Structures are given as structure tokens and as C-alpha cells.
Amino acid sequence: MSKIDIPSQFDVLVVGAGAAGLYTALCLPESLRVGLITKETVALSASDWAQGGIAAAIAPDDSPALHIEDTLQAGAGLCDVAAVRFLAEHAPSCIKSLVNLGVAFDRHGQALALTLEAAHSRNRVLHAADTTGREVTTTLAAQVLRRENIQVIQQALALSLWLEPQTGHCQGISLFYQGAISWIRAGAVVLATGGGGQVFAQTTNPAVSTGDGVAIAWRAGAILRDLEFVQFHPTALTKPGADRFLISEAVRGEGAHLVDNEGRRFAFDYHPAGELAPRDVVSRAIFSHLQRTAVDPATAHVWLDMRPIPEDQIRHRFPNIVKVCQRWGIDVFHEPIPVAPAAHYWMGGIATDLQNQTNIPGLYAVGETASTGVHGANRLASNSLLECIVFGAQLANIKLADVKLPSATPALPTQEFNLDEREWQHQQAQLATLREKLPRLVWQSAGICREQSALSAAIATVESWQEDFANLPLSQFLLSLQPNEQVRFNFSDIDHQLRLWAETGNLLDIAYLILQSAAFRTESRGGHYRLDYPQPNPEWQVHTVVQKYRWQKSQIIKS
């Protein structure tokens with residue numbers, strides 16, 4: 001990719017180019033100079049992988065009130081009602097905005113087609129076959145690239161927030177781009193970096209989902225919320241050598257059956273709604289069933305049988321699922337798909353208000369990176385893309401007039417990082433080992449079912465690994481950098497290796513935060529299930545809030 005000159009200052013920096021980042025950039029006033037930063041290329045994100053669709057109450061027999069009710073029910077008592085109302089009431093206008101931008105949702109005649117997904121009381125999920133996320137992000141990316149006020153900076157990595165020492169105001173970021181680290185100033189920074197699914201060994205998330213925004217914000221003192229709540233999708237393709245490709249919930253909504261090796265629809269043993277129960281219930285049903293029946297539950301799977309759905313309907317609604325399964329030798333028209341649960345969506349994140357503001361002045365968060373209060377303990381299907389759009393739209397009202405940036409600080413002399421080849425290779429081997437071992441540890445200790453002894457042991461291990469990471473020569477050099485201190489590197493593979501360093505550090509912090517939060521909440525609720533505390537506890541109908549190393553309870557907003 002050809003090198004571009006990056007200005008030293010923008011009005012707004014948006015970090016992340018999934019649906020949240022792209023739509024935020026489009027909604028920011030066109031009078032502002034916007035920098036859109038992505039560590040890959042535009043639209044390579046978890047949003048691009050979203051299959052099921054986007055929820056909105058637009059049908060004659062539906063209403064925002066019903067959408068609110070379903071969302072609150074799924075959230076297991078932890079949704080902030082004001083945020084849910086805001087989401088559901090703004091949903092129809094945001095769908096209209098997407099259609100006007102050119103998003104080609106499926107239609108029945110002239111009407112937008114709507115399908116049913118688990119825990120929805122009405123058909124309210126809009127879709128574009130089974131690649132809705134790709135349709136949305138591709139359309140938004142095309143619009144972004146047309147905007148003269150938006151500069152897209154691809155294959156660039158945000159490393160840290162730049163806070164003004166006297167006021168604590170976020171005034172920019174440090175950025176690694178094409179072999180060098182520089183500091184970019186901005187009137188506001190919007191983190192839209194998605195979730196952290198790569199902290200789990202089994203995940204439907206793409207490789208870019210390493211929790212960067214949450215980790216960066218935590219280190220800067222941002223308040224985080226509900227980090228223990230991870231949604232495990234029940235039906236990820238489970239076949240040796242294959243990626244954990246998500247088999248959309250919409251497949252079950254259209255009539256597919258979840259069966260065991262005997263062909264029995266076992267999910268009804270665990271919930272009256274069977275395979276259409278909430279995701280956490282279905283994931284635990286599969287987990288429990290495999291624990292009871294499989295020789296090796298860690299590698300076992302159940303089956304998703306699409307054959308009850310008419311063949312023409314499968315071809316029309318799920319062409320991408322058909323294609324991916326064919327690639328792995330599975331003919332969905334004649335045999336079931338092997339599936340098992342995988343980490344899918346992080347309900348927790350950086351605590352924000354309805355205008356996406358965090359506790360750090362000048363810092364905003366949107367999408368899966370944020371905790372708006374709409375998902376509670378368990379996200380309702382297809383509310384995630386909706387959250388990106390509804391909350392991204394609020395950045396149209398950003399007020400930078402209140403931001404008083406200090407006069408430009410002169411850049412400090414450029415530093416060079418040097419290490420002999422042998423030490424460099426040893427350091428990279430250590431990083432690669434940490435990156436490989438960490439997801440397995442978190443999956444085993446903080447996966448679908450958790451308990452105190454495993455959590456405590458995992459926390460101790462992660463703390464030891466964090467210490468090892470901090471002692472690496474590259475860590476000691478980069479973590480001692482002064483704001484506005486530029487850095488150049490003289491290693492041929494520095495782009496790959498610095499990304500490995502940054503992502504590994506972020507994942508270690510994310511693992512620590514999830515494990516500690518899961519140990520802190522001594523009950524089971526939504527996506528958080530404790531074998532040693534298997535029931536919800538009314539005293540825990542509160543948010544888990546963490547700032548730096550302090551965990552505490554915080555009341556939910558009930559009106």
C-alpha cells in the first residue's frame with residue numbers, strides 16, 4: 001500500500017472502520033476534518049461478518065414498544081431502559097437512512113423483507129440474504145471514500161490515547177504507521193474498534209477483533225462496564241481445519257433443527273422454545289449435552305439440520321452459508337452441519353452515555369467497543385448492527401467548540417529502537433507463544449461455564465504473563481515513550497511484529513479484565529454463567545464497573 005502523508009491534526013479521529021466507525025464518520029458534520037483509522041483495510045471488520053441482519057420495528061403489527069420489551073427480556077434485568085428506548089425509537093429512521101445511502105436489503109415486492117430471530121416477538125429483522133453486515137459495510141465504505149472531509153488511514157495501528165496533562169482531556173492518539181510511531185492531535189477521538197473475541201480460542205470473530213479500543217481506554221483511565229458478559233453463539237461451524245464460521249441464528253428462525261448424534265432435538269430438554277431460546281440458553285444446552293454425552297466434549301459438536309427448510313428458500317436466504325459449507329465438504333441440502341458454541345459478542349465495553357461520551361473529556365466510543373446499556377446481560381439478536389447505526393448517528397451533534405486544544409507542542413527528537421537480531425527473534429518467539437496460549441486459557445476458564453478456582457488460577461497466570469510482556473525490550477522502550485516523541489524502527493518485518501506486540505498486550509489486558517469481572521460477579525445472569533453460583537441473585541441486578549484496578553457495583557437506569 002502506497003504511503004500517504006498524515007496531517008498532524010484532525011478535528012475528529014475515528015479509530016475503527018466497521019459499521020460503527022464508518023457510519024460515525026459519515027454522520028460527523030462535513031465541515032470537520034475527519035481521520036478514519038483502520039489497522040486493516042476499510043470494511044474488514046466483524047460487522048462485515050454479520051449474517052443475520054439488523055432489527056427495527058417497521059412492520060404494521062410491530063412497534064418500538066414491543067422491540068423495547070423483547071430487548072429488556074433478553075437483557076436479563078441489566079438493560080438501561082432509557083438507552084433501550086432510545087435504540088428502539090430511533091431504529092426506523094436509521095433504517096430509512098441506510099436505504100437512502102444505498103443499502104440493498106431484501107424485499108418482498110416493494111416492502112422490506114423481515115424475518116424472525118430468537119427472542120423476538122415479531123418478524124423485525126431486515127437482511128440482505130445472509131451477508132447483511134457485508135452489504136451494510138460495503139455501502140458505507142463506498143460513501144466514506146467519496147467524502148472529501150474524511151481521510152482514510154489504512155493499515156495503521158492506534159497504540160495509546162494522548163491526554164492533556166492538566167485537564168485530562170483526550171487530545172489525540174499515538175499511531176504506528178508504515179514503520180514509525182507519531183502522535184496525531186484531534187479535538188475528539190471516537191473508538192469504534194469492535195469486540196475482543198480473539199481472547200477466546202473458539203470465536204466467530206475475525207482476527208482483527210483483539211479488544212484494542214477497550215484496552216487502550218482502560219489504560220488511560222476510562223470507566224468500563226459489564227466486561228464479564230460475553231455472548232457465546234450456539235452454532236459455529238465446527239470441523240477440523242475450518243474457521244469457526246458462524247451459522248446465523250436466522251437459519252433456526254427459518255426452521256432448521258438442532259439435533260444430537262441420535263437425531264433428537266435435545267434443546268427442548270433445556271428450554272420450552274428449543275433451538276429458538278435465547279443464545280446463552282442454547283449455548284449452555286449444547287455445552288451441557290456434550291458434557292453428558294461426548295467422549296471428548298472439548299472437540300465434540302452437535303448438528304444443525306437445515307433440511308426442514310425448503311431448498312429454494314435455503315438458496316435464496318443463505319447462499320453464503322451454502323457456499324462456505326460446500327467449501328468444507330458439507331452439502332446442507334442432504335446432511336446436517338456440525339456446530340458448537342463459540343465466543344461471538346461482548347456486551348460489556350467502555351461506559352458511555354446516549355451521546356457516546358465516556359468519562360474522559362473528548363473521548364467517545366461507539367458499537368461493540370462501547371457499553372451503552374442497551375444489551376444488558378445478553379444482547380437480543382440483530383441489535384448490534386442497529387446499535388452501531390443509532391449511536392453512530394448521534395455524533396452528528398458533536399460539539400467541538402467546547403474543546404480548547406493547547407497550542408501545538410513541538411515534536412521531540414525521533415528515537416530509534418535497536419536490538420540485535422538474536423534478541424529480536426527471541427522476543428518475537430515469546431510474543432507468539434503468549435498469543436497462542438492466552439486464548440486457550442481464557443476459553444477454558446471464562447468460557448460458557450465458569451467457577452472460582454479456575455478463574456483465580458487463570459488470573460494469576462495472566463498477571464504473570466503481563467509481567468513477562470512488560471519486561472520485553474520492545475515493551476520497556478515503547479511504554480516509556482513521552483507524548484509527541486517520534487520513533488523509527490530498522491527491522492524489515494516491523495509492521496507485522498509491532499502489530500503482534502500491540503495486539504498481544506491488548507489481549508492480555510482484556511483477558512485480565514474479563515477474568516476479574518467474572519470472578520467479581522458471584523451469580524449467573526445472561527451471558528455470564530457460574531457453576532458455583534448457578535442462579536441469578538437480586539442483589540446483583542447492577543452493573544459491574546471498573547476503573548483502573550477498582551471493581552464496584554453501579555445501579556442500572558430503570559426509567
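The model is predicted, so local features need pLDDT of at least 70 and side-chain atom pairs count only at pLDDT 80 or more, while totals for chains, interfaces and linings use all residues. Residues are numbered from 1 along each chain as its sequence is written, and side-chain values use heavy atoms, with hydrogens and water left out.

A pair of aromatic rings is described by the distance of the centres and the angle of the planes. Rings of Phe, Tyr and Trp (its six-membered ring) pair if their centres lie within 6.5 Å; planes under 30 degrees apart count as stacked, over 60 as edge-to-face and the rest as tilted. Across the whole structure, 17 aromatic pairs are found. Phe-417 and Phe-491 make a tilted pair, at 6.2 Å centre to centre with 50° between the planes. Phe-417 belongs to strand β19 (residues 412–417) and Phe-491 to the loop between β20 (485–489) and α15 (494–520), so this pair ties together parts that are 74 residues apart in sequence. Helices (H or I, at least four residues) and strands (E, at least two) are DSSP runs, numbered from the N terminus. Phe-417 counts as buried at 4% relative accessibility, where buried means under 20% relative accessible area, exposed over 50% and partly exposed in between (1.4 Å probe, protein chains only). Both Phe-417 and Phe-491 also belong to one aromatic cluster with Phe-176, Trp-424, Phe-477 and Phe-489.

Charged groups meet rings too. The charged end of Arg-379 sits over the ring of Tyr-345, 4.3 Å from its centre, and that of Lys-553 sits over the ring of Trp-540 at 4.1 Å. The criterion is NZ of Lys or CZ of Arg within 6 Å of the ring centre and within 35 degrees of the ring normal.

Turning to the strands, β21 (residues 542–547) is mostly covered, with 5 of its 6 residues buried. Strand β11 (residues 223–225) pairs with β21 in the antiparallel sense over 3 bridges; two strands pair if DSSP finds at least two bridges between them. On the hairpin side, 6 bridges join β21 to the antiparallel strand β22 (residues 550–555), with 2 residues between the two strands and a positive phi of about 55° at Lys-548 in the turn.

Finally, Ser-371 lies in strand β18 (residues 370–371) and counts as buried at 3% relative accessibility. Beyond its neighbours within four places in sequence, its contacts (heavy atoms within 4.5 Å) include Arg-225, Met-347 and Thr-352.
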